[in-house]
Amino acid sequence: MLLKRITLDNYGLYNGTVSFDLYPREKYGKLRPVVLFGGNNGAGKTTLFDAFRVVLYGKSALGDRVTEAEYKSFLKNRIHRSPQGLLQPQSASISLEFEHTSLGEKNTYIATRQWMPGNGKGVIERLSITKNGTQLRGVNPDYWQGFVEEIIPERLSSLFFFDGEKIKSIADDIHGNAALAESVKTLLGLDIVERLSSDLSIYKSRETLKNASKDLQQDISKAEVKISELEQQITITREELATNRTEQDGIRAEIAALELRLKREGHIFSQQRDALLDEKIKLAQQIESIRRAVREECEGLYPFSFCPTITAELKEQLVEEQKSRKGTILKDELVSMRQTILDTLASSQSELTSTPLFESIKNAFNNRIIEVAPEPNIEELFGFSDTATSQILHWIELANNQSRPKVAELSDKQEELTRRLQRVEQDLLRAPEEAAIQPLIEAVGSYNQRLGMVLQEQKKKEEELRSLEYRLTLEQRKLKRALEESDSKADEKRRILLANRIQEAMKDYADRLTTAKIAQLRTTVADRFNALSRKGDLIRNIDIDPVTYAVTLADRYGNVLPKEDLSAGEKQMYAVAMLWGLSITSGRSLPIIIDTPLGRLDSEHRGKLIHSYFPCAAEQVIILSTDTEIDKEWYAELSPNVSHSYHLRYNADENRTQVSNEYFWRG
């Protein structure tokens, strides 16, 4: 089956007649399978996605539990409404043109589903079919339903027409295997087998009742009514459990979104606000204490260390002046002593003045006087006493060896504390007032409270389900015993025996078919998963239990790999591989339509889908994407496989979707 064109006429956001060519085109000698639709959220992608199912399946497209009135209401609400138009559209339609090959003959069909408001609150719906340009006569919904069921049964459509939520439901189904069981049963038609088996049970009961005693007939009738009621209750309870789990997912998503918002708005800092304020005060006090200590040093000897060159020159000058003063004093003493000694010798023994000894003494004094005499170029600038000079030199020594290192240490400490204070002040700026985030905190608490109630409700429903299933088993045993007690005639007994054999054969058929298909599915899914995984041969084998549909993964070394150990992206790849494997195992050549498939994937896994899945999934792959899913980079990667593109834009003023032949930025 290949889709050629879909035409929407006043359907949903699409005003007037909007037609999309869907036929894959050949470029540069290569058939390109991908038809790409781009549109932001609310631009009409999902409306278009739903249109495919509505035109094919009508009421069934909305699910089994939708009533006729709800379906009519859905159709009525899908008639476009323009805020500016004086004359509003009075009808809507969807037309799908496709090729279908049967028994070697290729035919082109156009199915058109049109509807309009009827008298009162009703809706008049019309279905028309053309085959190779000729309108078929006498087409009614039952005929069309049977025809479509031969091509692509509605129960299989979810394997070929799916969105991100379908992928997520399989990816998140870690322990329940519900999604896989549903898909496998759908693929194999086991749901029909189960329904036939149930119908045979009803047939056997009715046949048996014909010959049973009145009391036994009453027992059988009561058991059948009870079984029917219990089966209905079980169905309702299972649906309520599914709704419960969906509600849990929704609540958890809301909690995660609120917690992320709290984190962004500084809730963590808000929780630490009081501690941060205390730390800010302590740091400010420590910094002030250091500043006082530095001021005290500055008031003391520390200024001597401000100008080390001048201080060194001062120290040198003082030392030289002190040395000069001492030299002058010593020189004066020696001159005086020399004069006294020479005068004494000359007066007492005048003959000595001409002796060499006298000259020696005189020269000794003169030499010593010359030695101790201060340098003549030393200019006394300060004229400090020795005591004052020693004190100043001591101060300079203390300034350089004690005060300077102490102030340096205090400065380093102050800088460190100042940086800590700045960080604390930044955290305080990010810490909103408790009142500002209180509504968010209360909302999280409310959702957690609601989640607890929902979990309790789930537990209660699960207990109720187990009780109903137990009671159903008891009633079925009771019915079986009653049927066995009934005395049937030979022909009727033969028909019942035949029905039993048919049931046994159907069960055997279902078991064998399930085992055979699951064996094929295991290999196919493992191959497809490894093709999509960025880790290559991550999985060696996939084992699927034919009874419980429990999936066991084995890694490349043969060890059991729990599904919950897969990353979020790998789970998504597993889900895509499962859908891919199921579609291959179905043996049907059908188009794939995917709505927003990449929203939950990281870049590596997006690349895997772009390169390994979209080009190979089918002969025709229709993708509906946002510009953040397939952006410019990914578009460039996908473009060798893109046949053509469309861009859907929502015009808020006119409440309609506008279409152009391009993908956001290029055609």
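In which helix is Asn244 found? The views below are taken from a predicted model, and the first of them answers this question.

View 1. Asn244 is found in helix H8, which spans residues 214–264. Because buried means under 20% relative accessible area, Asn244, at 4% relative accessibility, counts as buried. When its neighbours within four places in sequence are left aside, Asn244 is in contact with Val454, Glu457 and Gln458. Lys563 lies 319 residues from Asn244 in sequence, and the C-alpha atoms of these two residues are 23 Å apart in space.

**View 2. Helix H2 and its buried side.** Helix H2 comprises residues 68–77, and within this helix Tyr71, Lys72, Phe74 and Leu75 are buried. An α-helix has 3.6 residues a turn, so residues three or four places apart point the same way. The cover over the buried residues of H2 includes helix H1 (45–57) together with strand E1 (2–11), strand E7 (105–117) and strand E8 (123–131). On the face of H2 that is turned away from the buried side, the exposed residues Ala69 and Asn77 are found.

**View 3. Helix H11 and the helices it packs against.** Helix H11, formed by the 41 residues 308–348, reaches 59 Å from its first C-alpha to its last, which is close to the 60 Å expected at 1.5 Å a residue.

View 4. Helix H7 (190–211) and helix H15 (490–532) each supply at least two residues of the lining, and the largest share, nine residues, comes from H15. Sorted by class, the lining of the second largest pocket has seven nonpolar, five polar and six charged residues.

Conventions
Residues numbered from 1 in each chain as written. Predicted model: local features only at pLDDT ≥ 70, side-chain atom pairs only at ≥ 80, totals over all residues. Heavy atoms only, no water. Helix = DSSP H or I, 4+ residues; strand = E, 2+ residues; numbered from the N terminus. Expected span 1.5 Å × (residues − 1). Buried < 20%, exposed > 50% of the residue type's maximum accessible area, 1.4 Å probe, protein only. Contact = heavy atoms within 4.5 Å. Nonpolar A, V, L, I, M, F, W, Y, C, P; charged D, E, K, R; others polar.
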